[in-house]
Amino acid sequence: MKAEELPVPSDVKSLLGRSCVNCHSDQTTWPWYSYVAPVSWFVERDVRRGRDRLNLSQWPEYSLKRQERLLADIASVVKNREMPLPQYVLLHREAKLSDSELETVYRWARLERRRVKAASAISPRPENAMQRRVSQ
Ligand code: HEC
């Protein structure tokens, strides 16, 4: 991840890399079974819907409000073991988070959310949208 992307400590980064980025970033490594119909339709659908909700590759383009909400969502889906999707974990044991790994991601998401919240209080301007306009 580049500097302007989601600031993630290296331990959290490797967990997100292992468990989330295949469906929540532009860096999808398509598994072999994703080439086999009809499984491929489900895999593509999961990745498309996953990216729609949260695309870590597009993090810098999200408004601070949206980042804040997504960080709260990340904390809650991890805590409730809703993510990574159970059907994915069945085929990708490496994506499973242990209790302590889950706790690591959870605590980071909560902390990062507080940081983003503080930043948006200081700068309520939708600065990300502004940056986008300038660069277009
Ligand atoms: C196999 C693909 C896949 C993996 C792996 C995966 N997700 Fe998801 N994720 C999805 C899909 C699909 C949705 C949309 C679910 C829906 O619409 O009901 C989603 C939704 C979400 C949402 C939004 C929740 C909401 O209520 O809208 C968050 C936050 C999220 N995922 C975080 C994560 C995190 C964090 C990880 C890793 C620990 C992860 N996901 C791993 C596919 C995945």
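Which pattern does the protein chain follow when read along the sequence? The pattern is α-α-α-α-α-α-α, with seven helices and zero strands in the protein chain; here helices (H or I, at least four residues) and strands (E, at least two) are DSSP runs, numbered from the N terminus. The model is predicted, with local features needing pLDDT of at least 70 and side-chain atom pairs counting only at pLDDT 80 or more, while totals for chains, interfaces and linings use all residues. Residues are numbered from 1 along each chain as its sequence is written.

Of the 136 residues in the protein chain, 21% are buried. With C-beta atoms placed from the backbone, buried stands for 20 or more other C-beta atoms within 10 Å of a residue's own, exposed for 12 or fewer, and partly exposed for anything in between. Among contacts in the protein chain with a separation of 6 or more, 78% link residues 24 or more positions apart, a contact being two C-beta atoms, placed from the backbone, within 7 Å.

Now for the helix pair. Helix α1 (residues 10–19) packs with helix α6 (residues 99–122) at an angle of about 110°, and their axes are 10 Å apart. Axes are lines fitted to C-alpha atoms, for helices over the stretch in contact, and angles run from 0 to 180 degrees between N-to-C directions. The contact draws on Asp11, Val12 and Leu15 from α1, and on Glu101, Thr104, Val105 and Trp108 from α6. By class, these residues of the contact split into four nonpolar, one polar and two charged; Ala, Val, Leu, Ile, Met, Phe, Trp, Tyr, Cys and Pro count as nonpolar, Asp, Glu, Lys and Arg as charged, and the others, Gly among them, as polar.

Next comes the ligand. Around the ligand sit 20 residues, of which Cys20, Cys23, Gly50, Met83 and Tyr88 come nearest; a residue is near a molecule if its C-beta atom, placed from the backbone, lies within 6 Å of it. At least two residues of this shell come from each of α2 (21–24), α3 (39–53) and α4 (64–79), and α4 gives the most, with five. Twelve residues of the shell are nonpolar, four polar and four charged.

Met83 turns up again in the backbone geometry, joined to Pro84 by a cis peptide bond with omega of about -10°. Pro84 is placed in the loop between α4 and α5 (86–91), and Arg81 lies in the loop between α4 and α5 too. Arg81 is not a glycine, yet has a positive phi of about 55°. Arg81 counts as exposed because it has 12 C-beta neighbours inside 10 Å.
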